[in-house]
Amino acid sequence: MAGTGDRGSRPGPPPGFAEGVPPDNALHALGFEYTRITGDEVLGRLTVTETCCQPFKMLNGGVSALIAESAASIGGYMASGYRRVAGVQLSINHLRPARLGDRVEAKAVPIQVGRNIQVWEVQIWLMDPSTSERKDVVSTARVTILTNMSTPEKMKSYEESVKKYAKL
């Protein structure tokens, strides 16, 4: 398939995205899939694989933190009118484990959307394998984002890709 390169079993870019421009490269490499991106809510899912586990076969807390900051940042990017954002503070609590093979869902929602600073809450849920419904909270995070930076011209293609994906 064109554009897949030498990525092996990793998924290709999400539907609607320009070739090779996933919303977040690091999460994409782990198999994370965004299912909804707006300035009011960001949703995504991940199957816990060996790649994202710590040695005891549980989801690495750093991966949970990456999910939280990335989901909040892409939501903040949308909510700020496509201005460049930067995470300035992350606080995360790990409440229960997600084990190898489990599927988790992240949900990020804004608490405060200001012109310069946004605060987002992100929850990561363990999914029930029989119903695909949210079951138990794995982690909860609060992310503070700086949003008053201009977007470089070379990032306009990313903006267009996010706009296309967000409409799905």
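User: Is Ser-80 buried or exposed?
Analyst: Happy to start there, keeping in mind that this is a predicted model. Ser-80 sits in the loop between helix 2 (61-79) and strand 3 (84-94). Its relative accessible area is 18%, and the cut-off for burial is under 20%, so Ser-80 counts as buried.

User: How many disulfides does the count come to?
Analyst: Good one to check with the cysteines in view. A disulfide needs two cysteine sulfur atoms within 2.5 Å. The sulfur of Cys-52 has its closest cysteine sulfur in Cys-53, at 5.5 Å, which is too far for a bond. Under this rule, the number of disulfides is 0.

User: What is the relative accessibility of Cys-53?
Analyst: Let's take its neighbor alongside it. Cys-52 counts as buried at 1% relative accessibility. Cys-53 also counts as buried, because burial means under 20% and its relative accessibility is 14%.

User: What is the separation between the C-alpha atoms of Ala-108 and Ile-74?
Analyst: Ala-108 belongs to strand 4 (residues 103-113) and is buried, with a relative accessible area of 0%. Beyond residues up to four places away in sequence, Ala-108 touches several others, including Ala-71, Ala-72 and Trp-120. Ile-74 is 34 residues from Ala-108 along the chain, and their C-alpha atoms are separated by 9.6 Å.

Terms used: Residues numbered from 1 in each chain as written. Predicted model: local features only at pLDDT ≥ 70, side-chain atom pairs only at ≥ 80, totals over all residues. Heavy atoms only, no water. Buried < 20%, exposed > 50% of the residue type's maximum accessible area, 1.4 Å probe, protein only. Helix = DSSP H or I, 4+ residues; strand = E, 2+ residues; numbered from the N terminus. Contact = heavy atoms within 4.5 Å.
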